[in-house]
Amino acid sequence: MPTLESPATHRPQGDTLFVAGGWRAAARSYERVDPSRPERATGTFAAATVADVDAAYAAAAAAAPAWAATPAPARAELLRRAAEGLGARSEEAARRLTADMGKAIGDARAEVRRGAAILRYFAGELEQPIGETYAGADPATALSTIEQPLGVACVITPWNFPVAIPLWKIAPAIGFGNAVVWKPAEAASGSAVLLTEVLAEAGLPAGVLNLLTGHGSELSAALTGDRRLAALTFTGSGAVGTRLRQAVADRNVKVQLELGGKNPAIVLADADLADAAVQVTRGAMLATGQRCTATSRVYVERAAADEFTRLLADQVERLVVGDPFDEETEVGPLASAEQAATVAEYFALARAEGARAIAGDLAPAAEGCFAVPTVVADVAADSRLAREEIFGPLLVLFVVDDLDAALRAANDTDFGLSSGIFTRDLGKAMRFVGETQSGLVYVNRETAGVEPHLPFGGVKGSSSLSREQGKAARQFFTTTKTVYMRSV
Ligand code: NAD
(Lines give C-alpha, C1' and ligand atoms only; values in the text may rest on other atoms or scores of the structure.)
Protein backbone atom coordinates (compact mmCIF):
# COMPACT_ATOMS: atom_id res chain seq x y z
CA MET A 1 0.00 0.00 0.00
CA PRO A 2 1.46 3.42 -0.87
CA THR A 3 2.25 5.63 2.06
CA LEU A 4 0.94 9.14 2.10
CA GLU A 5 2.08 11.94 4.35
CA SER A 6 -0.22 14.65 5.55
CA PRO A 7 0.96 18.19 4.93
CA ALA A 8 1.65 20.79 7.57
CA THR A 9 -1.25 23.21 7.75
CA HIS A 10 0.42 26.28 9.28
CA ARG A 11 -0.41 29.21 7.04
CA PRO A 12 1.24 32.65 7.08
CA GLN A 13 -1.11 35.59 6.28
CA GLY A 14 -1.45 36.16 2.55
CA ASP A 15 -0.16 32.70 1.64
CA THR A 16 -3.37 31.46 0.13
CA LEU A 17 -2.13 29.14 -2.57
CA PHE A 18 -2.15 25.55 -1.34
CA VAL A 19 0.00 23.48 -3.67
CA ALA A 20 1.62 20.10 -3.03
CA GLY A 21 0.58 20.27 0.62
CA GLY A 22 2.14 23.66 1.41
CA TRP A 23 0.83 27.20 1.70
CA ARG A 24 2.55 29.91 -0.28
CA ALA A 25 2.15 33.39 -1.71
CA ALA A 26 2.25 34.49 -5.34
CA ALA A 27 4.10 37.31 -7.07
CA ARG A 28 0.90 39.36 -7.05
CA SER A 29 -2.02 39.60 -4.65
CA TYR A 30 -5.52 41.04 -4.49
CA GLU A 31 -7.60 42.51 -1.68
CA ARG A 32 -11.22 41.80 -0.91
CA VAL A 33 -13.63 43.95 1.08
CA ASP A 34 -16.76 43.15 3.05
CA PRO A 35 -19.68 44.08 0.74
CA SER A 36 -21.74 45.22 3.73
CA ARG A 37 -18.94 47.60 4.80
CA PRO A 38 -16.85 48.23 1.69
CA GLU A 39 -14.40 50.31 3.72
CA ARG A 40 -13.38 47.16 5.64
CA ALA A 41 -10.77 44.91 4.01
CA THR A 42 -11.39 41.21 4.62
CA GLY A 43 -8.10 39.84 3.41
CA THR A 44 -5.21 39.79 1.00
CA PHE A 45 -5.07 36.79 -1.30
CA ALA A 46 -2.41 35.42 -3.61
CA ALA A 47 -3.24 35.84 -7.32
CA ALA A 48 -2.06 32.55 -8.80
CA THR A 49 0.04 32.71 -11.96
CA VAL A 50 0.26 30.34 -14.90
CA ALA A 51 3.33 28.81 -13.23
CA ASP A 52 1.28 28.14 -10.10
CA VAL A 53 -1.34 26.36 -12.21
CA ASP A 54 1.39 24.17 -13.66
CA ALA A 55 2.71 23.40 -10.17
CA ALA A 56 -0.79 22.54 -8.98
CA TYR A 57 -1.38 20.12 -11.86
CA ALA A 58 2.05 18.56 -11.28
CA ALA A 59 1.25 18.05 -7.58
CA ALA A 60 -2.21 16.65 -8.34
CA ALA A 61 -0.91 14.28 -11.01
CA ALA A 62 1.84 13.06 -8.68
CA ALA A 63 -0.62 12.46 -5.82
CA ALA A 64 -3.43 10.89 -7.85
CA PRO A 65 -2.19 7.25 -8.18
CA ALA A 66 -1.52 6.73 -4.48
CA TRP A 67 -4.75 8.47 -3.55
CA ALA A 68 -6.72 6.31 -5.97
CA ALA A 69 -5.13 3.24 -4.37
CA THR A 70 -6.04 4.38 -0.85
CA PRO A 71 -8.88 2.18 0.43
CA ALA A 72 -12.29 3.80 0.14
CA PRO A 73 -12.97 3.51 3.91
CA ALA A 74 -9.83 5.59 4.56
CA ARG A 75 -11.03 8.22 2.09
CA ALA A 76 -14.46 8.15 3.75
CA GLU A 77 -12.87 8.59 7.16
CA LEU A 78 -11.07 11.67 5.90
CA LEU A 79 -14.35 13.19 4.70
CA ARG A 80 -15.89 12.48 8.10
CA ARG A 81 -12.97 14.14 9.87
CA ALA A 82 -13.37 17.14 7.57
CA ALA A 83 -17.08 17.30 8.48
CA GLU A 84 -16.09 17.34 12.15
CA GLY A 85 -13.42 19.96 11.49
CA LEU A 86 -15.90 22.18 9.68
CA GLY A 87 -18.37 21.67 12.52
CA ALA A 88 -15.74 22.72 15.06
CA ARG A 89 -15.10 25.92 13.08
CA SER A 90 -18.71 26.47 12.02
CA GLU A 91 -19.24 29.93 13.51
CA GLU A 92 -15.92 31.16 12.11
CA ALA A 93 -16.78 29.66 8.71
CA ALA A 94 -20.22 31.31 8.69
CA ARG A 95 -18.78 34.71 9.59
CA ARG A 96 -16.05 34.34 6.98
CA LEU A 97 -18.70 33.46 4.37
CA THR A 98 -20.76 36.52 5.30
CA ALA A 99 -17.67 38.77 5.17
CA ASP A 100 -16.80 37.30 1.76
CA MET A 101 -20.08 37.93 -0.01
CA GLY A 102 -22.68 39.35 2.34
CA LYS A 103 -25.04 36.41 2.87
CA ALA A 104 -27.25 36.93 5.95
CA ILE A 105 -25.55 35.25 8.89
CA GLY A 106 -28.45 32.85 9.55
CA ASP A 107 -28.28 31.62 5.96
CA ALA A 108 -24.48 31.43 6.17
CA ARG A 109 -24.74 29.20 9.25
CA ALA A 110 -27.24 26.99 7.43
CA GLU A 111 -24.87 26.75 4.47
CA VAL A 112 -21.98 25.68 6.70
CA ARG A 113 -24.18 23.00 8.30
CA ARG A 114 -25.10 21.88 4.83
CA GLY A 115 -21.40 21.75 3.91
CA ALA A 116 -20.76 19.33 6.77
CA ALA A 117 -23.81 17.28 5.71
CA ILE A 118 -22.42 17.05 2.16
CA LEU A 119 -19.09 15.73 3.49
CA ARG A 120 -20.91 13.14 5.61
CA TYR A 121 -23.18 12.14 2.74
CA PHE A 122 -20.25 11.40 0.43
CA ALA A 123 -18.44 9.53 3.21
CA GLY A 124 -21.50 7.27 3.29
CA GLU A 125 -21.58 7.00 -0.51
CA LEU A 126 -18.11 5.47 -0.35
CA GLU A 127 -19.62 2.49 1.45
CA GLN A 128 -21.87 1.75 -1.51
CA PRO A 129 -20.98 -0.87 -4.16
CA ILE A 130 -18.37 0.20 -6.72
CA GLY A 131 -19.54 -2.10 -9.49
CA GLU A 132 -21.87 -4.86 -10.59
CA THR A 133 -21.61 -8.54 -11.47
CA TYR A 134 -23.42 -10.11 -14.41
CA ALA A 135 -24.28 -13.57 -15.65
CA GLY A 136 -22.72 -14.30 -19.07
CA ALA A 137 -22.68 -16.82 -21.89
CA ASP A 138 -19.64 -18.68 -20.59
CA PRO A 139 -20.02 -20.14 -17.06
CA ALA A 140 -16.22 -20.08 -16.65
CA THR A 141 -16.05 -16.32 -17.19
CA ALA A 142 -16.98 -13.88 -14.43
CA LEU A 143 -18.40 -10.62 -15.75
CA SER A 144 -18.26 -7.45 -13.71
CA THR A 145 -17.79 -3.72 -13.72
CA ILE A 146 -15.57 -1.59 -11.47
CA GLU A 147 -15.77 2.16 -11.00
CA GLN A 148 -12.41 3.86 -10.95
CA PRO A 149 -11.31 7.47 -10.47
CA LEU A 150 -10.56 9.64 -13.48
CA GLY A 151 -7.30 11.22 -12.30
CA VAL A 152 -7.01 15.01 -11.98
CA ALA A 153 -10.17 17.10 -11.80
CA CYS A 154 -10.26 20.87 -12.18
CA VAL A 155 -12.95 22.45 -10.02
CA ILE A 156 -14.02 26.05 -10.78
CA THR A 157 -16.62 27.54 -8.45
CA PRO A 158 -18.72 30.74 -8.11
CA TRP A 159 -19.15 33.02 -5.11
CA ASN A 160 -22.84 32.62 -4.33
CA PHE A 161 -22.48 29.45 -2.23
CA PRO A 162 -18.86 29.73 -1.05
CA VAL A 163 -19.06 26.56 1.09
CA ALA A 164 -21.78 24.32 -0.35
CA ILE A 165 -20.90 24.39 -4.05
CA PRO A 166 -17.15 23.74 -3.60
CA LEU A 167 -17.91 20.90 -1.21
CA TRP A 168 -20.51 19.26 -3.43
CA LYS A 169 -17.81 19.06 -6.09
CA ILE A 170 -14.65 18.50 -4.03
CA ALA A 171 -16.09 15.93 -1.60
CA PRO A 172 -17.10 13.46 -4.35
CA ALA A 173 -14.05 14.30 -6.47
CA ILE A 174 -11.58 13.34 -3.76
CA GLY A 175 -13.94 10.84 -2.13
CA PHE A 176 -14.01 8.74 -5.30
CA GLY A 177 -10.22 8.91 -5.51
CA ASN A 178 -9.37 11.84 -7.78
CA ALA A 179 -6.92 14.67 -7.13
CA VAL A 180 -8.17 18.25 -7.46
CA VAL A 181 -6.99 21.62 -8.73
CA TRP A 182 -9.49 24.17 -7.37
CA LYS A 183 -10.02 27.74 -8.58
CA PRO A 184 -12.66 29.44 -6.38
CA ALA A 185 -14.29 32.80 -7.17
CA GLU A 186 -12.46 35.87 -5.93
CA ALA A 187 -15.51 36.89 -3.84
CA ALA A 188 -15.35 33.56 -2.01
CA SER A 189 -11.60 33.56 -1.37
CA GLY A 190 -11.75 33.66 2.44
CA SER A 191 -14.12 30.70 2.58
CA ALA A 192 -11.98 28.77 0.08
CA VAL A 193 -8.92 29.16 2.28
CA LEU A 194 -10.86 28.03 5.35
CA LEU A 195 -12.28 24.96 3.58
CA THR A 196 -8.83 24.01 2.34
CA GLU A 197 -7.44 24.35 5.88
CA VAL A 198 -10.23 22.10 7.15
CA LEU A 199 -9.52 19.41 4.53
CA ALA A 200 -5.76 19.64 5.06
CA GLU A 201 -6.19 19.37 8.83
CA ALA A 202 -8.39 16.32 8.31
CA GLY A 203 -5.26 14.64 6.93
CA LEU A 204 -5.57 15.02 3.19
CA PRO A 205 -2.29 13.87 1.63
CA ALA A 206 -0.14 16.47 -0.12
CA GLY A 207 -1.23 17.19 -3.69
CA VAL A 208 -4.71 15.66 -3.45
CA LEU A 209 -6.28 19.13 -3.15
CA ASN A 210 -4.56 22.20 -4.58
CA LEU A 211 -6.09 25.64 -4.08
CA LEU A 212 -5.41 28.44 -6.56
CA THR A 213 -6.90 31.72 -5.41
CA GLY A 214 -6.79 34.26 -8.23
CA HIS A 215 -8.44 35.63 -11.33
CA GLY A 216 -10.22 33.13 -13.55
CA SER A 217 -9.81 34.96 -16.83
CA GLU A 218 -6.01 35.15 -16.40
CA LEU A 219 -5.73 31.45 -15.62
CA SER A 220 -8.24 30.14 -18.12
CA ALA A 221 -5.84 28.86 -20.78
CA ALA A 222 -3.56 27.26 -18.20
CA LEU A 223 -6.43 25.60 -16.33
CA THR A 224 -8.06 24.16 -19.45
CA GLY A 225 -4.95 23.54 -21.56
CA ASP A 226 -3.10 21.27 -19.18
CA ARG A 227 -2.69 17.75 -20.59
CA ARG A 228 -2.99 16.24 -17.09
CA LEU A 229 -6.61 17.45 -16.85
CA ALA A 230 -9.10 14.56 -16.93
CA ALA A 231 -12.33 16.17 -15.71
CA LEU A 232 -13.57 19.75 -15.51
CA THR A 233 -16.46 20.70 -13.27
CA PHE A 234 -17.64 24.31 -13.41
CA THR A 235 -20.45 26.28 -11.82
CA GLY A 236 -20.88 29.87 -12.91
CA SER A 237 -22.13 32.00 -15.74
CA GLY A 238 -23.12 30.64 -19.14
CA ALA A 239 -20.60 32.75 -21.01
CA VAL A 240 -17.61 31.44 -19.06
CA GLY A 241 -18.89 27.87 -19.01
CA THR A 242 -19.31 27.82 -22.77
CA ARG A 243 -15.78 29.14 -23.26
CA LEU A 244 -14.35 26.48 -20.96
CA ARG A 245 -16.19 23.70 -22.80
CA GLN A 246 -14.85 24.96 -26.12
CA ALA A 247 -11.32 25.11 -24.71
CA VAL A 248 -11.29 21.37 -23.93
CA ALA A 249 -13.49 20.23 -26.83
CA ASP A 250 -10.65 18.68 -28.83
CA ARG A 251 -9.54 16.49 -25.93
CA ASN A 252 -11.24 13.72 -24.03
CA VAL A 253 -11.93 15.76 -20.91
CA LYS A 254 -15.09 14.92 -19.00
CA VAL A 255 -17.03 18.18 -18.61
CA GLN A 256 -19.75 19.22 -16.23
CA LEU A 257 -21.24 22.74 -16.41
CA GLU A 258 -23.86 24.17 -14.07
CA LEU A 259 -24.84 27.60 -15.33
CA GLY A 260 -27.44 30.30 -14.90
CA GLY A 261 -31.21 30.29 -14.54
CA LYS A 262 -34.30 32.43 -15.16
CA ASN A 263 -36.57 30.36 -13.00
CA PRO A 264 -40.36 30.71 -13.27
CA ALA A 265 -43.03 30.11 -10.66
CA ILE A 266 -46.69 29.67 -11.68
CA VAL A 267 -49.44 30.60 -9.23
CA LEU A 268 -52.84 29.18 -10.16
CA ALA A 269 -56.07 30.61 -8.83
CA ASP A 270 -56.81 27.52 -6.71
CA ALA A 271 -53.52 27.80 -4.78
CA ASP A 272 -53.13 28.70 -1.13
CA LEU A 273 -52.29 32.25 -2.16
CA ALA A 274 -50.93 33.40 1.20
CA ASP A 275 -48.55 30.44 1.35
CA ALA A 276 -47.58 30.95 -2.30
CA ALA A 277 -46.70 34.58 -1.56
CA VAL A 278 -44.40 33.49 1.26
CA GLN A 279 -42.71 30.85 -0.87
CA VAL A 280 -42.31 33.06 -3.94
CA THR A 281 -40.85 35.83 -1.78
CA ARG A 282 -38.33 33.43 -0.26
CA GLY A 283 -37.47 31.95 -3.64
CA ALA A 284 -36.92 35.33 -5.25
CA MET A 285 -35.30 37.33 -2.49
CA LEU A 286 -33.33 35.19 -0.04
CA ALA A 287 -29.59 35.32 -0.59
CA THR A 288 -30.45 38.70 -2.17
CA GLY A 289 -31.71 36.89 -5.27
CA GLN A 290 -28.23 35.49 -5.93
CA ARG A 291 -29.13 31.84 -6.20
CA CYS A 292 -28.99 30.10 -9.54
CA THR A 293 -32.34 28.56 -8.56
CA ALA A 294 -33.88 31.89 -7.47
CA THR A 295 -37.40 32.64 -8.70
CA SER A 296 -37.02 35.35 -11.29
CA ARG A 297 -40.40 35.33 -13.07
CA VAL A 298 -43.83 34.71 -11.57
CA TYR A 299 -46.92 33.94 -13.68
CA VAL A 300 -50.18 34.38 -11.81
CA GLU A 301 -53.55 33.23 -13.14
CA ARG A 302 -55.79 36.21 -13.86
CA ALA A 303 -58.56 35.21 -11.44
CA ALA A 304 -56.10 35.42 -8.51
CA ALA A 305 -53.90 38.24 -9.79
CA ASP A 306 -55.12 41.10 -7.60
CA GLU A 307 -55.12 39.15 -4.38
CA PHE A 308 -51.81 37.42 -5.02
CA THR A 309 -50.13 40.68 -6.03
CA ARG A 310 -51.23 42.31 -2.78
CA LEU A 311 -50.07 39.34 -0.69
CA LEU A 312 -46.73 39.19 -2.53
CA ALA A 313 -46.08 42.92 -2.12
CA ASP A 314 -46.84 42.62 1.56
CA GLN A 315 -44.38 39.73 2.02
CA VAL A 316 -41.60 41.38 0.03
CA GLU A 317 -41.92 44.67 1.90
CA ARG A 318 -41.74 42.87 5.22
CA LEU A 319 -38.30 41.42 4.50
CA VAL A 320 -35.63 42.64 6.89
CA VAL A 321 -32.87 44.09 4.71
CA GLY A 322 -29.62 45.24 6.25
CA ASP A 323 -26.39 44.33 7.98
CA PRO A 324 -25.86 40.64 7.21
CA PHE A 325 -24.15 40.14 10.58
CA ASP A 326 -27.33 41.23 12.35
CA GLU A 327 -29.26 38.16 13.54
CA GLU A 328 -32.58 39.62 12.35
CA THR A 329 -31.46 40.29 8.79
CA GLU A 330 -33.02 38.20 6.03
CA VAL A 331 -31.54 39.98 2.99
CA GLY A 332 -27.99 41.29 3.02
CA PRO A 333 -26.10 43.27 0.39
CA LEU A 334 -25.21 42.07 -3.08
CA ALA A 335 -21.93 40.19 -3.14
CA SER A 336 -19.67 42.89 -4.50
CA ALA A 337 -19.57 46.37 -6.01
CA GLU A 338 -19.50 44.76 -9.49
CA GLN A 339 -22.59 42.70 -8.75
CA ALA A 340 -24.35 45.77 -7.30
CA ALA A 341 -23.53 47.74 -10.46
CA THR A 342 -24.96 44.96 -12.66
CA VAL A 343 -28.19 44.83 -10.67
CA ALA A 344 -28.44 48.65 -10.66
CA GLU A 345 -28.39 48.52 -14.48
CA TYR A 346 -31.44 46.21 -14.48
CA PHE A 347 -33.24 48.59 -12.09
CA ALA A 348 -32.44 51.45 -14.50
CA LEU A 349 -33.73 49.37 -17.41
CA ALA A 350 -36.98 48.70 -15.54
CA ARG A 351 -37.39 52.46 -14.98
CA ALA A 352 -36.58 53.20 -18.61
CA GLU A 353 -39.10 50.63 -19.85
CA GLY A 354 -41.85 52.01 -17.62
CA ALA A 355 -42.20 48.88 -15.48
CA ARG A 356 -44.62 49.28 -12.57
CA ALA A 357 -43.20 48.59 -9.10
CA ILE A 358 -45.47 46.36 -7.02
CA ALA A 359 -42.98 46.21 -4.15
CA GLY A 360 -39.89 48.38 -3.79
CA ASP A 361 -39.72 51.67 -5.64
CA LEU A 362 -37.13 51.09 -8.38
CA ALA A 363 -35.07 53.92 -6.92
CA PRO A 364 -31.34 53.83 -7.64
CA ALA A 365 -29.42 51.95 -4.93
CA ALA A 366 -29.05 54.17 -1.91
CA GLU A 367 -25.65 53.09 -0.65
CA GLY A 368 -22.88 50.56 -1.00
CA CYS A 369 -23.84 47.16 -2.37
CA PHE A 370 -27.44 47.12 -1.14
CA ALA A 371 -30.53 46.86 -3.37
CA VAL A 372 -34.15 47.01 -2.20
CA PRO A 373 -36.14 43.79 -2.90
CA THR A 374 -38.41 44.76 -5.77
CA VAL A 375 -41.24 43.21 -7.80
CA VAL A 376 -42.23 44.75 -11.13
CA ALA A 377 -45.12 44.24 -13.55
CA ASP A 378 -45.99 45.65 -16.99
CA VAL A 379 -42.82 44.20 -18.49
CA ALA A 380 -42.78 43.02 -22.13
CA ALA A 381 -42.21 39.29 -22.59
CA ASP A 382 -39.20 40.03 -24.77
CA SER A 383 -37.64 42.56 -22.40
CA ARG A 384 -34.16 41.71 -21.10
CA LEU A 385 -35.80 41.89 -17.65
CA ALA A 386 -37.88 38.86 -18.60
CA ARG A 387 -35.17 36.94 -20.46
CA GLU A 388 -31.79 37.51 -18.76
CA GLU A 389 -30.56 36.21 -15.46
CA ILE A 390 -30.44 39.24 -13.15
CA PHE A 391 -28.95 37.59 -10.04
CA GLY A 392 -30.39 40.18 -7.69
CA PRO A 393 -33.60 40.91 -5.73
CA LEU A 394 -35.72 41.84 -8.76
CA LEU A 395 -38.75 39.67 -9.59
CA VAL A 396 -40.90 40.16 -12.70
CA LEU A 397 -44.64 39.41 -12.43
CA PHE A 398 -46.91 38.51 -15.34
CA VAL A 399 -50.66 37.87 -15.37
CA VAL A 400 -51.75 34.91 -17.53
CA ASP A 401 -55.12 33.44 -18.53
CA ASP A 402 -54.61 29.83 -17.51
CA LEU A 403 -52.13 26.97 -17.04
CA ASP A 404 -51.63 26.58 -20.81
CA ALA A 405 -50.55 30.19 -21.18
CA ALA A 406 -48.42 29.98 -18.05
CA LEU A 407 -46.59 26.87 -19.26
CA ARG A 408 -45.94 28.39 -22.68
CA ALA A 409 -44.52 31.56 -21.16
CA ALA A 410 -42.55 29.76 -18.45
CA ASN A 411 -40.89 27.48 -21.01
CA ASP A 412 -40.14 30.34 -23.41
CA THR A 413 -36.60 30.86 -22.11
CA ASP A 414 -33.03 29.90 -22.92
CA PHE A 415 -32.62 28.52 -19.40
CA GLY A 416 -33.96 25.43 -17.67
CA LEU A 417 -32.65 25.05 -14.14
CA SER A 418 -35.61 25.23 -11.77
CA SER A 419 -39.35 25.91 -11.91
CA GLY A 420 -42.33 25.78 -9.59
CA ILE A 421 -46.11 25.71 -9.47
CA PHE A 422 -48.57 26.60 -6.74
CA THR A 423 -51.87 24.77 -6.97
CA ARG A 424 -54.13 22.42 -5.02
CA ASP A 425 -55.10 20.62 -8.23
CA LEU A 426 -53.10 17.41 -8.41
CA GLY A 427 -53.87 16.95 -12.11
CA LYS A 428 -52.51 20.39 -12.96
CA ALA A 429 -49.47 19.82 -10.77
CA MET A 430 -48.76 16.53 -12.54
CA ARG A 431 -49.15 18.13 -15.94
CA PHE A 432 -46.70 20.84 -14.91
CA VAL A 433 -44.17 18.28 -13.68
CA GLY A 434 -44.36 16.57 -17.04
CA GLU A 435 -44.24 19.63 -19.29
CA THR A 436 -42.05 22.17 -17.52
CA GLN A 437 -38.61 22.40 -19.12
CA SER A 438 -36.27 22.41 -16.13
CA GLY A 439 -34.01 20.02 -14.27
CA LEU A 440 -35.53 20.81 -10.86
CA VAL A 441 -39.29 21.03 -10.32
CA TYR A 442 -41.07 22.24 -7.20
CA VAL A 443 -44.75 21.94 -6.35
CA ASN A 444 -46.01 24.34 -3.66
CA ARG A 445 -42.41 25.17 -2.70
CA GLU A 446 -39.99 27.93 -3.60
CA THR A 447 -37.80 27.16 -6.62
CA ALA A 448 -34.62 26.98 -4.52
CA GLY A 449 -33.42 24.64 -1.79
CA VAL A 450 -31.83 21.26 -2.41
CA GLU A 451 -30.73 18.18 -0.47
CA PRO A 452 -27.33 16.56 -1.01
CA HIS A 453 -28.60 13.06 -1.82
CA LEU A 454 -30.69 14.10 -4.83
CA PRO A 455 -29.33 14.86 -8.30
CA PHE A 456 -29.03 18.55 -9.12
CA GLY A 457 -28.81 20.29 -12.50
CA GLY A 458 -30.68 21.83 -15.39
CA VAL A 459 -31.57 21.52 -19.05
CA LYS A 460 -31.23 23.89 -22.04
CA GLY A 461 -28.74 26.71 -21.33
CA SER A 462 -28.51 25.94 -17.61
CA SER A 463 -26.39 22.82 -17.65
CA SER A 464 -24.28 20.39 -19.62
CA LEU A 465 -27.04 17.88 -18.69
CA SER A 466 -24.79 15.91 -16.40
CA ARG A 467 -25.98 16.04 -12.82
CA GLU A 468 -24.24 16.88 -9.56
CA GLN A 469 -24.71 15.56 -6.00
CA GLY A 470 -26.32 12.31 -4.97
CA LYS A 471 -25.50 9.23 -6.99
CA ALA A 472 -24.98 11.43 -10.05
CA ALA A 473 -21.70 12.64 -8.54
CA ARG A 474 -20.36 9.07 -8.61
CA GLN A 475 -21.14 8.87 -12.33
CA PHE A 476 -19.27 12.07 -13.05
CA PHE A 477 -16.16 11.50 -10.94
CA THR A 478 -15.57 7.87 -11.93
CA THR A 479 -15.23 5.84 -15.08
CA THR A 480 -16.43 2.25 -15.53
CA LYS A 481 -14.09 -0.62 -16.33
CA THR A 482 -15.82 -3.75 -17.69
CA VAL A 483 -14.09 -6.99 -16.69
CA TYR A 484 -14.33 -10.46 -18.33
CA MET A 485 -12.41 -12.85 -16.06
CA ARG A 486 -12.10 -16.48 -17.21
CA SER A 487 -10.62 -19.14 -14.98
CA VAL A 488 -8.22 -21.59 -16.64
P1 NAD B 1 -18.51 33.48 -13.22
O2 NAD B 1 -18.80 32.66 -14.42
O3 NAD B 1 -18.15 34.89 -13.41
O4 NAD B 1 -17.32 32.85 -12.39
C5 NAD B 1 -17.35 31.49 -11.94
C6 NAD B 1 -15.92 31.05 -11.70
O7 NAD B 1 -15.24 31.03 -12.94
C8 NAD B 1 -15.10 31.94 -10.79
O9 NAD B 1 -14.23 31.15 -10.03
C10 NAD B 1 -14.33 32.79 -11.77
O11 NAD B 1 -13.12 33.29 -11.23
C12 NAD B 1 -14.05 31.79 -12.85
N13 NAD B 1 -13.80 32.35 -14.16
C14 NAD B 1 -14.25 33.53 -14.66
N15 NAD B 1 -13.81 33.70 -15.92
C16 NAD B 1 -13.08 32.59 -16.22
C17 NAD B 1 -12.38 32.15 -17.36
N18 NAD B 1 -12.34 32.89 -18.49
N19 NAD B 1 -11.74 30.97 -17.31
C20 NAD B 1 -11.77 30.20 -16.20
N21 NAD B 1 -12.43 30.57 -15.10
C22 NAD B 1 -13.07 31.75 -15.10
O23 NAD B 1 -19.78 33.32 -12.27
P24 NAD B 1 -20.02 33.98 -10.83
O25 NAD B 1 -20.31 35.43 -11.05
O26 NAD B 1 -18.92 33.59 -9.89
O27 NAD B 1 -21.32 33.21 -10.33
C28 NAD B 1 -22.61 33.59 -10.71
C29 NAD B 1 -23.11 32.71 -11.83
O30 NAD B 1 -23.04 31.34 -11.42
C31 NAD B 1 -24.57 32.94 -12.16
O32 NAD B 1 -24.75 32.90 -13.54
C33 NAD B 1 -25.28 31.78 -11.52
O34 NAD B 1 -26.51 31.43 -12.06
C35 NAD B 1 -24.28 30.71 -11.70
N36 NAD B 1 -24.52 29.61 -10.76
C37 NAD B 1 -25.04 28.44 -11.25
C38 NAD B 1 -25.32 27.40 -10.38
C39 NAD B 1 -25.87 26.10 -10.89
O40 NAD B 1 -25.68 25.10 -10.22
N41 NAD B 1 -26.52 26.06 -12.03
C42 NAD B 1 -25.08 27.55 -9.01
C43 NAD B 1 -24.57 28.76 -8.57
C44 NAD B 1 -24.28 29.78 -9.45
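1. The domain bounds used here come from an automatic or database domain assignment. With those bounds, domain 1 (7–259 + 464–486) and domain 2 (263–451) each give at least three residues to the shell around the ligand. The model is predicted, and the remarks below should be read with that in mind.

2. Which residues come nearest to the ligand? Of the 28 residues around it, these are K183, S220, S237, L259 and E389. By class, the shell divides into 14 nonpolar, 9 polar and 5 charged residues.

3. The side chain of S237 has an N or O atom 2.6 Å from an oxygen atom of the ligand. In the side chain of E186, an N or O atom is 3.2 Å from an oxygen atom of the ligand.

4. On its own, the ligand has 830 Å² of accessible area, and the protein covers 90% of that. The space that the ligand takes is the largest pocket.

5. Which elements give two or more residues to the shell around the ligand? They are the helices α7 (216–225) and α8 (238–247), together with the strand β10 (229–235).

Key: Residues are numbered from 1 along each chain as its sequence is written. This is a predicted model: local features need pLDDT of at least 70, side-chain atom pairs count only at pLDDT 80 or more; totals for chains, interfaces and linings use all residues. Side-chain values use heavy atoms; hydrogens and water are left out. A residue is near a molecule or strand if one of its heavy atoms lies within 4 Å of it. A polar contact is a pair of N or O atoms within 3.5 Å; within protein, one must be able to donate a hydrogen and the other to accept it, and residues adjacent in sequence count only if both atoms are side-chain atoms. Accessible areas come from the Shrake-Rupley method with a 1.4 Å probe; for residues, only the protein chains shown count as cover. On a 1 Å grid over the protein atoms alone, a cavity is a set of points where a 1.4 Å probe fits but cannot get out, and a pocket is an open set with protein on both sides within 12 Å along at least five of seven lines; lining residues have an atom within 4 Å of a point. A molecule sits in a cavity or pocket if more than half of its atoms lie within 2 Å of its grid points. Helices (H or I, at least four residues) and strands (E, at least two) are DSSP runs, numbered from the N terminus. Ala, Val, Leu, Ile, Met, Phe, Trp, Tyr, Cys and Pro count as nonpolar, Asp, Glu, Lys and Arg as charged, and the others, Gly among them, as polar.
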